[in-house]
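The sequence and coordinates come first.

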Amino acid sequence: MSQPDTAISPLSANAAIMEAVSRQSYPAATLYVVATPIGNVCDISLRALHLLSIADAVACEDTRNTAQLMTRYGLHKPLLAAHMHNEREVAEKIIARLQAGERIALVSDAGTPGVSDPGAKIVDAVKRAGLQVSPLPGASAAISALSASGLIHDRFFFVGFLPSKAGQRDTLLQSLTATAASLIFYEAPHRIIESTAAMLAAFGPERQIVFARELTKLFEEIHRCSLGEAGAWLSADSHREKGEFVVLIEAAPEAAADDNLEAKRVLRILLKECSVKQAAALAAQLTGQKKNALYQLALEMKGADQDQPD
């Protein structure tokens, strides 16, 4: 005799899950840091939906974007504009409301607040005021791209957006060339060609690069190739220069990390007797590494030494 079908229907399962969500504890006088979708509106957690439904107000990067998102979920709450230009001021208002016993949700336009998005200063101010902060985890463009990149390494280093000025950007990239971790960048479409060329100059043609474009959206594209091939891939289709990008660079080979240690050892000796410029020039002759990268490394070492207490 066959066993009865004990499978739970999707509707009853959803009802049971939502009931469990509603029974969980959501303390008052708490700031809830709520991750929202990075593209696909379905990528939001059940806890996030419930919290947004019971929050007294939602602090958000752009009230228009958040209003549209909330409407899609059938939710309507008072919205507080909390963008990069007013974080300190709005933090005072949020603290006052929390002290009055309210629940406030903090969201950004997409993904997790405070990760290359406004929110970190608000969280800092709330914690300094002795109030509770609770995260509701969810979508993150950086972690989503890393998970689908195929780059194999135990560590990653999140850089975020590169500086807009070429000199500052190139200096930062040079300082990362020997980093023994996968590197994660965010980039805007109008700078992707220029930034990719700068990465090629800094890391060389053999290093692997991953372009993760329009993640979770209709035209999602994830492409991996060598940096030497990256420019040609981008220019082969004008659509590849559109949308929001996460760019990943594979970790430096262990030999490169060892070379960096040797460069620091040499520079440490030379800086005792020479200027930064002279030390970089001599270290380039001794190690075979690029003088500009060694100059930047020497500046960092010199600054670190000056910061040490006597």
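## Burial and the model

A residue counts as buried when its relative accessible area is under 20%, as exposed when that area is over 50%, and as partly exposed in between. Glu214 is therefore buried, since its relative accessible area is 16%. The model is predicted.

## Helix H4

Helix H4 covers residues 87–99, 13 residues in total, and its first and last C-alpha atoms lie 18 Å apart, close to the expected 18 Å at 1.5 Å a residue. Glu87, Val90, Ala91, Ile94, Ile95 and Leu98 are its buried residues. Viewed down the axis of H4, these fall within an arc of 150°, so they line one face of the helix. Glu92, Lys93 and Gln99 are exposed on the other side of H4.

The packing partners of the buried residues of H4 are strands S1 (30–34), S2 (57–60), S3 (79–81) and S4 (103–106), together with helix H5 (120–128). Just after H4, Gly101 has a positive phi of about 95°.

## Helix H8

Helix H8 has twelve residues, 192–203, which at 1.5 Å a residue should span 16 Å; the end C-alpha atoms are 16 Å apart, in agreement with that value. Which residues of H8 are buried? They are Ile192, Ser195, Thr196, Ala198, Met199, Ala202 and Phe203. Their arc around the axis is only 160°, which puts them on the same side of H8.

Against this set pack helices H7 (166–175) and H9 (227–235), as well as strands S7 (182–187), S8 (208–213) and S10 (245–249). Gly204 follows H8 and has a positive phi, near 90°.

Leu146 belongs to helix H6 (residues 141–147). Its relative accessible area is 19%, and Leu146 is buried. Leaving aside residues up to four places away in sequence, Leu146 touches Phe156, Ser182, Ile184 and Leu248. Pro163 is 17 residues from Leu146 along the chain, and their C-alpha atoms are separated by 22 Å.

On the surface, Ile17, Met18 and Leu46 form a nonpolar patch with about 220 Å² of accessible area together. Of these, Met18 is found in helix H1 (residues 10–23) and is partly exposed at 32% relative accessible area.

## Salt bridges

Side chains of opposite charge can pair when their charged atoms come close. The whole structure contains twelve salt bridges. One of them joins Lys217 to Glu214, with an N to O distance of 3.6 Å; Lys217 is partly exposed at 34%, whereas Glu214 is buried at 16%.

Arg240 and Glu221 form another salt bridge, with their closest N and O atoms 3.7 Å apart. Arg240 lies in the loop between H9 and S10, and Glu221 lies in strand S9 (residues 221–226), so the pair ties together parts 19 residues apart in sequence. Arg240 is buried at 17% relative accessibility, while Glu221 is partly exposed at 21%. In helix H10 (residues 254–270), Arg265 and Glu262 are three residues apart, which separates them by about one helical turn. Their side chains meet in a salt bridge at 2.9 Å, N to O. Both residues are partly exposed, Arg265 at 44% and Glu262 at 34%. Arg88, Asp124 and Arg128 are linked in a network of salt bridges.

How values were computed
Residues numbered from 1 in each chain as written. Predicted model: local features only at pLDDT ≥ 70, side-chain atom pairs only at ≥ 80, totals over all residues. Heavy atoms only, no water. Helix = DSSP H or I, 4+ residues; strand = E, 2+ residues; numbered from the N terminus. Expected span 1.5 Å × (residues − 1). Buried < 20%, exposed > 50% of the residue type's maximum accessible area, 1.4 Å probe, protein only. Arc of directions from axis to C-beta. Contact = heavy atoms within 4.5 Å. Patch = residues over 30% accessible without salt bridge, like charges linked within 9 Å, V, L, I, M, F, W, Y side chains within 5 Å. Areas by Shrake-Rupley, 256 points an atom, 1.4 Å probe, with all protein chains shown as cover. Salt bridge = Lys/Arg side-chain N within 4 Å of Asp/Glu carboxyl O.
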